[in-house]
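Visitor: Could you show me how to read the links and contacts inside a protein model? I would like the general idea each time, then the case at hand.

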Amino acid sequence: QLRLVESGGGLVQPGGSLRLSCAASGWTPDDYNIGWFRQAPGKKREGVSCTKTHTGDTNYADSVKGRFTLTRDSVNHIVYLQMDNLQPGDAAIYHCAITTRLLTNAEGMCLMIANLYEIWGQGTQVTVSS
């Protein structure tokens, strides 16, 4: 059974950086999209980034473009989210998730719609505070 485990969260000052990891173990589909989502207390779950494992195309939410970078180690089934210039508004629990429903937007990019994703990790806490 496929299992996702996130790590790398922690406390960082505004302007600082963190790198989150999402490791997949067990059976993995031949083709899937993997996404990062976050949820802060009292707020809706928000899509942060996603990638199509077949092509490597990556999509980002406008709020993180230019600051966050998603990369993938396809051999070891690990996805990373490099987060730079973190701000208090980035504080949340970050989850990675996988979907085999390979829907795309009009530009052919993966979708960051939580309901599409079928398997989720337990999350890792990111706190941004001085």
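Guide: Numbering the bonded cysteines of the protein chain in sequence order, the pairing is 1-3, 2-4. This is a predicted model, where local features need pLDDT of at least 70 and side-chain atom pairs count only at pLDDT 80 or more, while totals for chains, interfaces and linings use all residues. Residues are numbered from 1 along each chain as its sequence is written, and side-chain values use heavy atoms, with hydrogens and water left out.

Visitor: How many disulfides does the structure hold?

Guide: A disulfide is a covalent bond between the sulfur atoms of two cysteines. Here the sulfur atoms must lie within 2.5 Å, and the structure holds 2 disulfides. One joins C22 and C96, with sulfur atoms 2.0 Å apart. The torsion about their S-S bond is about 70°, so this disulfide is right-handed. It links distant parts of the chain, as C22 is in strand β3 and C96 in strand β9 (residues 92-99), 74 residues apart; strands are DSSP runs (E, at least two residues), numbered from the N terminus.

Visitor: And what is the distance between the sulfur atoms of C50 and C110?

Guide: Those sulfur atoms are 2.1 Å apart, and the link of C50 and C110 is right-handed too, with 105° about the S-S bond. C50 lies in strand β5 (residues 46-52) and C110 in the loop between β9 and β10 (119-120), so the pair ties together parts that are 60 residues apart in sequence.

Visitor: Are C50 and C110 buried or exposed?

Guide: Both C50 and C110 are buried, as are C22 and C96. Buried means under 20% relative accessible area, exposed over 50%, and partly exposed in between (1.4 Å probe, protein chains only).

Visitor: How do I read aromatic pairs?

Guide: A pair of aromatic rings is described by the distance of the centres and the angle of the planes. Rings of Phe, Tyr and Trp (its six-membered ring) pair if their centres lie within 6.5 Å; planes under 30 degrees apart count as stacked, over 60 as edge-to-face and the rest as tilted. The structure holds 3 aromatic pairs. In one of them, the rings of F37 and Y117 have centres 5.0 Å apart and planes at 75°, so the pair is edge-to-face. F37 also forms a tilted pair with W120, at 4.9 Å centre to centre and 50° between the planes. F37, Y117 and W120 form one aromatic cluster.

Visitor: How accessible is W120?

Guide: W120 counts as partly exposed, at 25% relative accessibility, whereas F37 is buried, at 0%.

Terms used
Helices (H or I, at least four residues) and strands (E, at least two) are DSSP runs, numbered from the N terminus.
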